[in-house]
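Subject: The structure you asked about

Hi,

Here is the structure to open on your side. Have a look at it first, and then read my notes below.

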Amino acid sequence: MEGNNNNNEISLRSNSSNSWRNNNMDVFSSSPEREDDEVALKWAAIERLPTYSRIRRSIINNSEVDIKHMGLTERKILLERLVKIAEEDNEKFLLKLRDRMDRVGLDIPTIEVRFEHINVEAQVYVGRRALPTLFNFYVNVLEGFFNYLHIIPSPKKPLHILQNVSGIIKPRRMTLLLGPPGSGKTTLLLALAGKLAKDLKYSGRVTYNGHGLEEFVAQRSSAYIGQHDNHIGEMTVRETLAFSARCQGVGHNYGSIQTS
């Protein structure tokens, strides 16, 4: 009888332990609803972080990741997943980025550029003296040396490139600058980017959100991209931009390109 009772107790214990284990598995088993709840809690925790921390954190494979602490290989894999094909994945990546910014409640800072009474003047040679000939080159060097010694006045004449130009560039808008060749479009863009040549006479004021160019480094907030007129006439605009992007090494698969 005692043996039977022991066997019964052992069987009851084993059954109870098995049932507890089964219940345990049911309680802690991962389900899609539970995973969604966990992800939602993680996003809620990220939303409570300061702005600088929010912009560097994300959730990848249900795990919170700090981009700053990712290794080089992990970053390459992440970029490969985001924009594997530049022509197709660029728009998808931008949509994901906007959705990610909306998730954490982060608004990208905007900049309003104002320029008031911009005047740019240059000292140039006029007439035949402006022609790039060998004779003019040596004469210009000699006259420049004598003018530096204040022996003779400068033969250059003032040329007004921009005169009393004012305007506003609103954030989150595309601004089209139109004008005939030589009207000063490039000079205006250089003035807004703070990259005018030192030999130009400049007056006026350019502000970024009310701050003048002398108060900060404008090159960290804006960039002037010079134009290159070397295009293939048979290619469309899209094909030209795609070809240029590939030649400059955009994407992980465009590292080695052979051209004939």
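Predicted model: local features only at pLDDT ≥ 70, side-chain atom pairs only at ≥ 80, totals over all residues.

Is Arg114 buried, partly exposed or exposed? Arg114 is partly exposed, because its relative accessible area is 32%, and the scale here calls a residue buried under 20% relative accessible area, exposed over 50% and partly exposed in between, using a 1.4 Å probe and protein chains only.

Residues are numbered from 1 along each chain as its sequence is written, and side-chain values use heavy atoms, with hydrogens and water left out.

Salt bridges

Side chains of opposite charge can pair when their charged atoms come close. A salt bridge here is a side-chain nitrogen of Lys or Arg within 4 Å of a carboxyl oxygen of Asp or Glu, and the count comes to three. Arg114 pairs with Glu112 at 2.9 Å, N to O. Lys170 also forms a salt bridge with Glu112, and there the closest N and O atoms are 3.1 Å apart. Lys170 sits in the loop between S4 and H7 and Glu112 in the loop between H5 and S3, so this pair ties together parts that are 58 residues apart in sequence. (The H and S names are DSSP runs numbered from the N terminus: helices are H or I with at least four residues, strands are E with at least two.) Glu112, Arg114 and Lys170 are thus linked in a network of salt bridges. Lys170 counts as partly exposed, at 35% relative accessibility.

Arg205 is partly exposed at 35%, whereas Glu214 is exposed at 62%.

Thr207 is in strand S5 (residues 201-208) and is buried, with a relative accessible area of 10%. Leaving aside neighbours within four places in sequence, Thr207 is in contact (heavy atoms within 4.5 Å) with Glu112, Val113, Arg114 and Gly212.

Ile161 lies in strand S4 and is partly exposed at 24%. With the neighbours within four places in sequence left out again, the contacts of Ile161 include Val120, Ala122 and Leu200. Ile161 and Gly182 are 21 residues apart in sequence, yet 8.4 Å apart in space, C-alpha to C-alpha.

Pockets

A pocket is found on a 1 Å grid over the protein atoms alone, as an open set of points where a 1.4 Å probe fits, with protein on both sides within 12 Å along at least five of seven lines; lining residues have an atom within 4 Å of a point. The largest pocket holds about 1100 Å³ of space, a volume being the space filled by probe spheres set on the points, which are joined across faces, edges and corners. Its lining has 33 residues, with Ile169, Thr175, Leu177, Leu189 and Leu192 nearest the centre. Helix H7 gives the most to that lining, six residues.

The second largest pocket has a volume of about 800 Å³. Its lining is made of 22 residues, and those nearest the centre are Ser58, Ile60, Leu78, Leu82 and Arg100. Here H5 gives the most, with seven residues.

Cheers
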